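The points below concern strand pairing and helix packing.

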Amino acid sequence: MEQKTIQNIELTYLSPEDYEELKQAMISAYQSMPDAYWKQHHIQKLLDVFPEGQVVVKVNNQIAGCALSIIVDYEKFGDQHTYKQITGDYSFNTHSDDGDTLYGIDVFVKPEFRGLRLGRRLYEYRKELCEKLNLKAIVFGGRIPNYHKYAKKLSPKEYIEKVRSREIHDPVLNFQLSNDFHPIKVLKGYLRGDDRSKEYAVLLKWVNIYYEEPTQKARLIKREVRLGLVQWQMRPYKGIEDLMQQAEYFVDALSGYKSDFALFPEFFNGPLMAEYNHLSEAEAVRELARFTEDLVQEFSKLSISYNINIITGSMPELRGENLYNVGFLCKRDGSIERYEKLHVTPDENKVWGMKGGSGLKTFDTDCGKIGILICYDVEFPELSRLLADEGMDILFVPFLTDTQNGYSRVRHCAQARAIENECFVAIAGSVGNLPKVHNMDIQYAQSMVFTPCDFAFPTNGIKAETTPNTEMILIADVDVDQLRELHNYGSVKNLKDRRLDLFEVKRRKSSNR
């Protein structure tokens, strides 16, 4: 049909009154398989058990295509089954409202309507239905109607590979592959009478990335997450109480806007070293480490009372004789987890005698998996790649930079991490001057939230940003489900397209303690 003659295209539920027209459409679509149409009692049974699964697409009020499906408990059948078995000898008694998989019984478009991409509409409906009903996947046995032309010289496996590489055209399999269905098995003797396919079928699957396992717990993983960043002003404080009063002010503000996270900068507590300015830098930072335990407990109290997850930036911590740069994730459920800076800067090592840690891990939160890398660590792409492989959705980077070129290294590397790992990245730093604290006298920062670069995200990959060198908070909403879409259907697929046959990033066993 020419597009200029089309007045209306409508996707609608199949009804019993459609049967006679549906029958003629099936006969037209399956001319190579006489008597392959469904009888009226078959259609009525499908409408009785699962009306949502039976749809037609009409052009100018005429049936042009149809999709039929049921829900099955897939474990009862597994990957090795026939069409007769999966349909219960065509009775559809295998349908179960409590099943976990949408099984495609039939989909066709009449010959005169092919080329209008109507089949794509039917498949998109199935995908939306699968997501709506929280089913694991869509599965069906796909015919390979051109296989009879090559059966004498190619096995089904070889035929499928040549179709995938575009050496052979198969109208059915090509269409299914282009709609993100993936072959998982060749089924022999799947559909009796399908001579063109030599009774072979390709078992195809589309995975619902939004599927959530049923649970008895009342725990909810948020998909839309509100990030709160603190661009901290370095100023003199009388003591830890004065410092925490300012910290609580920001936590209160972010909580008031219903933020899920509050991110503080690296060494935000540096002003407390002013009291020890008469000591050497190495001695002063060790005195600062004495406050760490108390600060963590105070932050934990704030996370509970203000119902917000707090990432405490970083603080010095003494373990025996060794000094580390560490931070803490204080969750609003009362639990506390620790993270370490793995790569200390030459200045941290030379002036403070600081050592790099060895712990690298993702953290489970009520907003999904997150990662935290302190400042310089974000400049090492292997770390965030390991975290991405563990399922990280959001990477937090507390940083401290004194000059604009130092800041630029952190900023540009952080944005690169968002693109290559298909995740959100939030960076927060400090501003202002500390003339009475050696080795921390000036700061430069512009806190930001980065995104991947694709149609669903800002074109420049920046979700939100602060005014440079100004004390303020930054709030940004991120949708984790957009990352799932990007991972599976993005313009490019940085994680999926890695040449793992050529390279691989692995952690050593000691790096996840």
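1. Leu 395 stands opposite Val 425, a residue of strand 18. In this predicted model, strand 17 (residues 394-398) and strand 18 (residues 424-428) run parallel and are joined by five bridges.

2. Strand 3 is joined to strand 2 (residues 55-59) by five bridges and to strand 4 (residues 101-109) by eight bridges. The pairing with strand 2 is antiparallel, and the pairing with strand 4 is likewise antiparallel.

3. Individual partners can be named for both pairings of strand 3. Lys 58 has Ile 63 of strand 3 as its bridge partner, while Ala 67 stands opposite Val 107 of strand 4.

4. Strand 2 and strand 3 form a hairpin with two residues between the strands, in which Asn 60 adopts a positive phi near 55°.

5. Strand 12 (residues 322-330) pairs with strand 13 (residues 336-340) in the antiparallel sense, over five bridges. Within this pairing, Gly 327 stands opposite Tyr 339 of strand 13.

6. Turning to helix packing, at what angle do helix 5 and helix 6 pack? Helix 5 (residues 156-164) and helix 6 (residues 171-178) pack at about 60°, and their axes are 10 Å apart. An angle of 65 to 115 degrees would count as roughly perpendicular and one under 35 degrees as roughly parallel; the two helices are therefore oblique to each other. Their crossing is right-handed.

7. The contact between these helices involves Ile 160, Val 163 and Arg 164 from helix 5, and Leu 173, Asn 174 and Leu 177 from helix 6. By residue class, the contact of helix 5 with helix 6 comprises four nonpolar residues, one polar and one charged.

Methods: Residues numbered from 1 in each chain as written. Predicted model: local features only at pLDDT ≥ 70, side-chain atom pairs only at ≥ 80, totals over all residues. Heavy atoms only, no water. Axes fitted to C-alpha atoms, helices over the stretch in contact; angles between N-to-C directions. Helix = DSSP H or I, 4+ residues; strand = E, 2+ residues; numbered from the N terminus. Parallel < 35°, antiparallel > 145°, perpendicular 65-115°, else oblique. Left-handed = near helix turned anticlockwise from the far one by under 90°. Contact = heavy atoms within 4.5 Å. Nonpolar A, V, L, I, M, F, W, Y, C, P; charged D, E, K, R; others polar. Pairing = 2+ DSSP bridges.
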